[in-house]
Amino acid sequence: MAVEFGMATQYIRDLSYNTKRGLRAKARRGEFPGPARIGYINNPRTKRHDVDRRKAPVVVRAFELYAEGQSRFEDIATFFYENNIKTGSRSGSGGGKRWSKNRVKRVLTDTFYYGDFEYAGEIHKGTHKPIISKQLYDRVQAAMEMRGRKQKAHKDPQALCGLLRCGNCGCSITAEAITKRQQNGNVHRYVYYRCTRKRGPCAEPYVREEALASQLDDLLADFILPQEGAKVMLAEADKDEREAQSVASAAVRELRAAVADIDTRLGRLTDLYVDQDIDRDAYLERKRSLMSECRSAEGQITLLERNATAWLQPLRDWINEAQMLDGILKNFDLPSKKLSLQKIFGSNLTLQSREARGVAQNQWASLREAKNNFNKSDLVSTYVPGR
Ligand SMILES: [Zn+2]
């Protein structure tokens with residue numbers, strides 16, 4: 001009995017050792033060993049983690065929201081909940097609930113999302129596709145630190161502060177919360193937005209938050225990209241990516257052949273020099289020129305491998321963003337809408353005579369244009385470059 005027990009333990013120990021070794025090897029190859037993060041799905045065929053098309057944009061937006069510095073982990077948990085990221089049923093509590101603060105924090109501090117992951121105390125460079133930039137990750141960490149330090153000294157800033165400028169004098173628009181007590185004891189709290197009047201007197205009137213918010217909703221509604229259009233455009237983007245990749249890999253193959261050729265020529269040159277068929281000066285000069293040729297080719301290879309399809313990411317981000325607008329309008333709070341408005345209008349939003357106006361930037365402007373004369377093929381030709 002004792003012997004059998006000992007063998008069994010050894011067997012388990014070996015198994016565990018081998019499993020761990022396998023996992024470590026996986027980590028070294030840049031594949032995260034373990035279940036997929038939220039925003040990724042396990043691809044059983046490649047055993048890799050693929051981007052979850054539906055949830056990844058939500059995770060990205062959570063990072064963006066938190067980076068703004070005005071959301072708490074609870075707010076992000078609510079945001080997740082509204083976007084169908086809830087607790088699973090395996091947790092025993094029946095599932096379908098809001099995430100805990102800690103779980104949100106684990107996501108927001110997870111380096112996996114920008115490409116690196118930690119395994120067995122070591123940082124590995126992942127081969128999975130990052131969904132956020134390192135910069136955004138750093139901004140989120142900075143916001144977290146700020147929130148940790150801040151002791152609620154000053155009053156909560158109002159949601160839409162810093163979004164608009166006064167259309168009359170150009171000063172920024174600020175907010176004031178006013179509490180009104182009625183004689184019957186009812187208490188009402190109103191938020192008004194107004195010009196800061198930092199450059200002198202300005203006669204622009206106050207606007208109630210509700211009125212402003214509904215105008216901003218109207219502005220946003222103009223830029224919703226219908227699901228159908230988004231699907232067509234994403235498919236086009238995939239096609240373009242495949243084409244760009246095949247063009248790039250053909251070019252890389254040619255460049256690699258050129259590098260190999262230079263290597264051969266360098267070898268021959270060295271032979272000539274060793275055999276004293278050419279003098280040292282001639283040898284050095286030709287060597288220098290060949291080496292320089294080689295460096296340029298290698299540089300081009302690096303560029304092609306890194307950048308051939310890099311331009312597609314901003315395009316995809318934008319399509320996802322435009323597609324999410326519908327849901328944002330229906331379900332979300334002001335901070336989330338503010339973020340979308342800033343992406344669309346930059347600093348071009350003004351408030352004048354109680355009316356919010358804005359000039360959309362870059363691709364958003366063309367989206368509106370295309371929507372006005374809606375036609376699917378137009379939409380694609382407007383947004384997918386080179387088509
Ligand atoms: Zn003003």
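## Contacts of G69

Leaving aside its neighbours within four places in sequence, which residues is G69 in contact with? They are A143 and R147. The model is predicted. In it, G69 lies in the loop between helix 2 (56-67) and helix 3 (73-82).

G69 and A142 are 73 residues apart in sequence. In space, their C-alpha atoms are 8.8 Å apart.

## Helix 5

Helix 5 spans residues 134-149, which makes 16 residues. From its first C-alpha to its last it reaches 23 Å. That is close to the 22 Å expected at 1.5 Å a residue. Buried in helix 5 are L136, Y137, V140, A143 and M144. These residues are on the same side of helix 5 because they cover an arc of only 120° around the axis. An α-helix has 3.6 residues a turn, so residues three or four places apart point the same way.

What does the buried side pack against? The buried residues of helix 5 pack against helix 2, helix 3 and helix 4 (101-108). A143 belongs to this buried set, and A143 is also in contact with G69. The face turned away from the buried side carries exposed residues: Q135, E145 and R149.

## The zinc site

Four cysteines hold the zinc ion. C166, C169, C195 and C202 each coordinate the zinc ion through SG, at 2.3 Å. Along the chain, the donors follow the spacing C-x2-C-x25-C-x6-C. One pair among them links distant parts of the chain: C166 in strand 5 (residues 165-166) and C195 in strand 7 (residues 187-195), 29 residues apart. Both C166 and C195 are buried.

Is the geometry tetrahedral or irregular? The site of the zinc ion is tetrahedral, with angles of 95 to 116° among its four donor atoms. For four tetrahedral donors, the ideal angle at a metal is 109.5 degrees.

## The chain as a whole

The protein chain has 387 residues, and 37% of them count as buried. Its secondary structure comes to 12 helices and 10 strands. Consider contacts between residues at least 6 apart in sequence: 59% of them join residues at least 24 apart.

The protein chain exposes about 23400 Å². Carbon and sulfur atoms supply 50% of that area.

Methods:
Residues are numbered from 1 along each chain as its sequence is written. This is a predicted model: local features need pLDDT of at least 70, side-chain atom pairs count only at pLDDT 80 or more; totals for chains, interfaces and linings use all residues. Side-chain values use heavy atoms; hydrogens and water are left out. Donors are N, O and S atoms within 2.8 Å of the metal (3.2 Å for Na, K and Ca); water is not among the atoms, so sites may look incomplete. Four donors count as tetrahedral if all angles lie between 85 and 135 degrees; four count as square planar and six as octahedral if opposite donors are over 155 degrees apart and all others between 65 and 115; anything else is irregular. Helices (H or I, at least four residues) and strands (E, at least two) are DSSP runs, numbered from the N terminus. Buried means under 20% relative accessible area, exposed over 50%, partly exposed in between (1.4 Å probe, protein chains only). Contact means heavy atoms within 4.5 Å. The expected span of a helix is 1.5 Å times one less than its number of residues. The arc is that of the directions from the helix axis to the C-beta atoms. Accessible areas come from the Shrake-Rupley method with a 1.4 Å probe; for residues, only the protein chains shown count as cover.
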